[in-house]
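Dear colleague,

Please find below the structure that I am handing over to you. My findings follow directly after it.

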Amino acid sequence: MATPHDPSRPLPHDRRLGPSWLVAAKWLVTMVVVAALVWTVYKAIDQWKVSSGEARLTIDDIRSRWLVLAGCFYAIGLIPAALVLHRALRTLGREIPLMQAIAAQLIGHLGKYVPGKAMVILIRSDLLRRGGRGVTLLETAVAIMMETLTLIAIGAAFSLAVITAMDVPAWMKWTAALMSLGAATATMPPLVRWMVQRRMVSRGQLQFSWRSGDVLFAWFWSGVTWWLFGISMTCVAMAIPAGQAIGPVALYLPCFAAVTLAFVAGFVTMLPGGAGVRELVLATLLEPLLGGPEALVLAILARITQVIVESMLATVSWVWIKRY
């Protein structure tokens, strides 16, 4: 006599089919991300060939030790955003190990090179669920929203404070001002709780408590991120002859303003990795200081350096996730 099937337990073929589809989907995501990365690097190298010719630069003119230093500061600068993501998850009632949140943040960065940017949420959600943490896609999206809005608000505010005294197009100043005001307002606890709780918590989907202490925490670490990114961009500038003639002290504030506004503008456009937009903003802001061709070379060198660093950190994080 056959034993009745327990509805709470999946059938054998269900167990096989579910993981098969899941594995196939993950491999598809991986291939899409890798293809997007390869395309980004290819375009950057292609731009380098043209721009370096116009600037009359050769590989021998590039100081590689400054690029290595730029990569180190950029790598460290990616960590504070993971702390903000971890804090946002705690406000959602999810106690995720810090190292797991950092790994998810670093691996998820590669998703931004895929059109639509939704890939970032999918990748991080999958990684945050590991270990039976139970983090939902919705919770991941809310946590990423808080981390991203805070980073945009602080970055736009910093860039506005610096470029106000610089001779730059008026549209850049207005863009920085509007993005700073909009993103900062969107991170305020009353508005955040209204947006999230009214639409989600009231339906029993989320438990969310984003308060003033969380805002200050996020603002501080976002500021650290931009400070380190500014140092990284200064190091990239020091790798080319025009930057070496100026020196790191005089370069820092313009590079700081350029990198903050370039990253923020790139994100707002929703283009994969801010492709083209970052380079345009960087070249426009730094052209008066470095000259047009060398400013564009700097932007391309920065892109290549950042892609390499993000890929290396994602690889290390993936190995850690798989092992531990």
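Cys-255 is buried, because its relative accessibility is 0% (buried means under 20% relative accessible area, exposed over 50%, and partly exposed in between, with a 1.4 Å probe and protein chains only). Its sulfur lies 9.2 Å from the closest cysteine sulfur, in Cys-235, which is too far for a bond. Cys-72, by contrast, is partly exposed, with a relative accessible area of 42%. For the sulfur of Cys-72, the closest cysteine sulfur is in Cys-235, 9.0 Å away and too far for a bond.

A disulfide is a covalent bond between the sulfur atoms of two cysteines. Here the term is applied to a pair of cysteine sulfur atoms within 2.5 Å, and the structure holds zero disulfides.

Please note that this is a predicted model, in which local features need pLDDT of at least 70 and side-chain atom pairs count only at pLDDT 80 or more, while totals for chains, interfaces and linings use all residues. Residues are numbered from 1 along each chain as its sequence is written, and side-chain values use heavy atoms, leaving out hydrogens and water.

Ser-222 is in helix H9, residues 212-238 (helices are DSSP runs of H or I with at least four residues, numbered from the N terminus). Ser-222 counts as buried because its relative accessibility is 3%. Leaving aside residues up to four places away in sequence, Ser-222 touches Val-84, Thr-150, Leu-151 and Ile-154, where contact means heavy atoms within 4.5 Å.

Arg-278 belongs to helix H12, residues 277-290, and is buried at 7% relative accessibility. Arg-278 and Ala-262 are 16 residues apart in sequence, yet 4.5 Å apart in space, C-alpha to C-alpha.

Yours sincerely

How values were computed. Helix = DSSP H or I, 4+ residues; strand = E, 2+ residues; numbered from the N terminus.
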